[in-house]
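Please read them next to the coordinates.

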Amino acid sequence: MFGAIDEAVRAGLRDRGLSFVFPSEVAADAWLDRALRIGAVDALEAERFISWDSFKRTISAEAEGKKPADAYMRTVFAAAFLAKNAHEPLLAAVIPRAYANLHRPFVSWIVGTLPRLRGLSEAVRRRDAEVKPGSALADWLALHRAYEAFLDEHGLYEPRYVPQRLCASGRRFAIVFPELIEDFADYEVALSASGFVSLLSAREVGAAPLRLAEPASGLAEVRMVLRAIGRELDGGADPRDFAISVCGLESYRPYLEREATLLSVPLDFRSGRPLAAYPGGRLFAAIAEAAKSDFSFEAMRDLLLSPAWPWKRPDLNRALIRHGAERCIRASWTARSDKGMVRRVDVWEESLAGVPEAKPALDHYRAVKAAATAMAEARSFSALKKAYNAFRGSLIADEGWDDLASLSLARAVRELDFLVEAESEAGFEIESPLGLFLASLAATPYVPQSPFYTGVPVYEWRVAAGIHPKRHYILGASDDVAGVTYSRFGFLTEDFRRMLSCADVDATPWFFAVYAASGTEVVFSCPRAGFSGESPPHGILASSATEASLDTDEGSASGLHHREAEGYDAERRWLSGGGEPPKRLHSVQALGLERGLCRSPRPRPSARDSGDAPPLLGPANAAGAAALLRDETGMLVVSATTIDEYRVCPYAFLYRRVLRAEEEQAGFKFEDAQLIGEVYHEALRLLFTRIREADGCWRAAHAALYCGHLESCIDKALATVAKRRGPFTGIVLAAYRGRMLHYLERFIECESSRFPELLVGPLEEEFSLSYSDFPASEEGTATQCIPGGVRLKGRIDRLSLKDGKAVIVDYKKSSVPSAAEVALCEDGSLAKAQLPAYLRLAAAAGYELDSAWYVSIEGSGASLSPGEGKCAFGPEADKGYVSLEDLEAHLLAFDQLLGETARGIAAGEFPVASREERERACESCGFRGTCRERYAIRFE
């Protein structure tokens, strides 16, 4: 396919003074292998096939007595120049003078432009272009003069400033595909005059056809390519017979990795990522973010709980984050004292000081904060390196690093060493070096070293142009990604580039032409719906390509159904007893079957599914589990919440209530609805306590007086919740104070008409009731006992007295339970246990029952206004969900439900949720990732 290029390389092999130069290292290595085949030779010198970057280093003549400037010296210069510009503004348009102090984000941009400024100056001189004072062009020329002076002062030269001074050392070079090289134009004149360079243009490539496949989606595209390759590998093909180039590799990479694992196709990604994306680089970013955010909860969590780097005291890390989650430690804030002094409040210090159990974690926080602050406030690269050494020496362990993390950290530290050396050579220190160091890590590509390539190589678009595998797939060739435009002065606006006759160069046609020849069989692909949305194929493909397919299975029209039947689909049918064993198992399938066959026989289905089943726990373990829920007297303690949770999914109940295996909270959850509810409850408790002490009962005539008490009750409630949940909670909830006052005033108005003259009874009091036996679950059987007995407990928000009878009140922030959640179901069962539990507890305390109410503080849309309530139980006049006539049946149903729950816990019966409940139970369950019985991840 490469035609004249092949002939030129074959002929040039006899001339040992001739070397071939290719746009990339990948292409150079590929052509070295190709030359061995087409030239019928046994060996070739590796230096005869080199990349463009290696070529530039080979032929650039160093200025006499000077050293080349590198990215580190450019960084030091740019940072120092912009810092000086902030105090003595020289630039007017590139960085407007009003923003000169905000210069740090511009450093990386300036660094990238410095090597091109000599070419800009020459273009201005050739065109005799007008340079207006204060214009961007004037700024760039001033920056160039400052950079030239810096180079001269420090005995340096910029390699791209001296391309005309080339040194070949007696060698000759043939540059292959110069149209694909971005900065070739900077060297073109000097190379043409050198006498030792010739060009092998992409025009010499044979007219290879463009073939385009258009799968329905990006996922279908990935799967079809990997299945086609996998089938060839099964037949004995070498992974190096294939290549995959991807336009926009980073968006494709997660899907390629996942599908390749599922389909057992080994991949070797030959494209590096920025050093900042690896664990070593992320450590520095996490430290910087912690300091920048004033040690917010999220930043501290990401720093302390990341598994990417090992800490000396991970236990203190977890303890600190746990305390932060429990006490709502979100972020620090600014406070003003009574004397008008402004101070910054450290949320960790304010929340944990004086909490004895948190002292070790707080001391650890102080050590982390001090070490991270030293890095963030370092005033030079050398000071940053010293602060980092102190941070690592005191906090980070030497053991426990995986290879990638350790190597990437070492490489990141080496980058810092280079910056320290550059700073020392330049002779001045850099302000805010941590940010510049992070920018350097983001701009530094890093490819983890792999001594052996055993998988199908995967390249970013442009890198593999010119290779020649047997089959080459180019994925994601859409119009918005596949285009390649080169601009010599991309930092200039279009009008300046036009004035200097430096138009952008569209290299896309040359890339498509070379790629079309880059393989015995080459297929471009553009899904109709990609991972970033819909995008048409590049115009060159849309206008010139013939239709192709990613499927190479001649036995099926699409190949898709056939291959699925031989893979996961076949396994599913076989395991279900409906088909033959699959002909081939992918590695993940084989591993799953192997582990499955090693398991003990599966227990019989749950009694909730198909009849009797043995308990999940044996007698000894069942007794031990129940003991965790017993009080000091040996009674099994049960609440309405216990009953409801056990009914939904006993298996999840085992995790949550018995094993107490709640997931360690690593994410901050500021549940404002819950916290506001706590404030409402506490404020109402304080209000009704005052009313009881002053009046004994609610007096509607004193409603205005009660409203006058609200502000102090709310303030005390806010302080109480803040003390319990952390001071940050109080700061945030203070913003709700006015709204709370409004709703509670409305509550008082409704209370005066709803419950006039009721005596104020117990407030937020816990009640209990002991059971020794329960009604049997089946008719005709005797009552059943629970060893040790059962104690029902519950906290009732308020109990008022009407003519000596109990009126139970339960506060809700907004919505209240519906009749379906309270009344008996058609089959005589209960949906929720709260109401009958409260009725039983109140009756056991000696109160005759009058009614029970749910009261909404803030209302619930159009159905319930603020302060209004619903009668859950009561006389017909109150339209209660449960009538007086239904009370006995309601309580008996509760007793039976309580007995079933207690018996199940005591017997160790913890089956998974019933089939009817499973969808709802699993949807909100926090243990799906660890539930080994039912939950599994399925990729669609």
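1. Strand S5 (residues 172-176) runs parallel to S6, and 4 bridges join the two. Val 176 has Leu 200 of S6 as its bridge partner. Helices (H or I, at least four residues) and strands (E, at least two) are DSSP runs, numbered from the N terminus; two strands pair if DSSP finds at least two bridges between them.

2. This is a predicted model, in which local features need pLDDT of at least 70 and side-chain atom pairs count only at pLDDT 80 or more, while totals for chains, interfaces and linings use all residues. Residues are numbered from 1 along each chain as its sequence is written, and side-chain values use heavy atoms, with hydrogens and water left out.

3. S5 and S6 belong to an open sheet of 4 strands, ordered S2-S1-S5-S6, with parallel pairing. Strand S2 (49-51) and strand S6 (197-200) are at the edges with a single partner strand each, so one side of each has no neighbour in the sheet. From one strand to the next the twist averages 30°.

4. Helix H1 (residues 4-12) lies across strand S1 (18-22), S2, S5 and S6, at about 145° to S1. Helix H3 (residues 52-59) also packs on this sheet, touching S1, S2, S5 and S6, and its direction makes about 95° with that of S2. Contact means heavy atoms within 4.5 Å; axes are lines fitted to C-alpha atoms, for helices over the stretch in contact, and angles run from 0 to 180 degrees between N-to-C directions.

5. A sheet of 7 strands is also open and parallel, in the order S9-S14-S8-S15-S18-S7-S19. Its edges are strand S9 (267-269) and strand S19 (546-547), each with a single partner strand, so one side of each is left without a neighbour in the sheet. Strand S15 (residues 471-475) pairs with strand S18 (residues 521-525) in the parallel sense over 4 bridges, and Arg 471 stands opposite Glu 521 in S18.

6. In the largest nonpolar core, of 98 residues, Leu 120, Met 300, Leu 303 and Trp 348 touch the most other members. Such a core is a set of buried Ala, Val, Leu, Ile, Met, Phe, Trp, Tyr and Cys residues joined through side-chain atoms within 4.5 Å, buried being under 20% relative accessible area (1.4 Å probe, protein chains only). Helix H17 (residues 403-426) gives the largest share of this core, 9 residues. Apart from it lies another core, of 50 residues, including Phe 653 and Leu 897.
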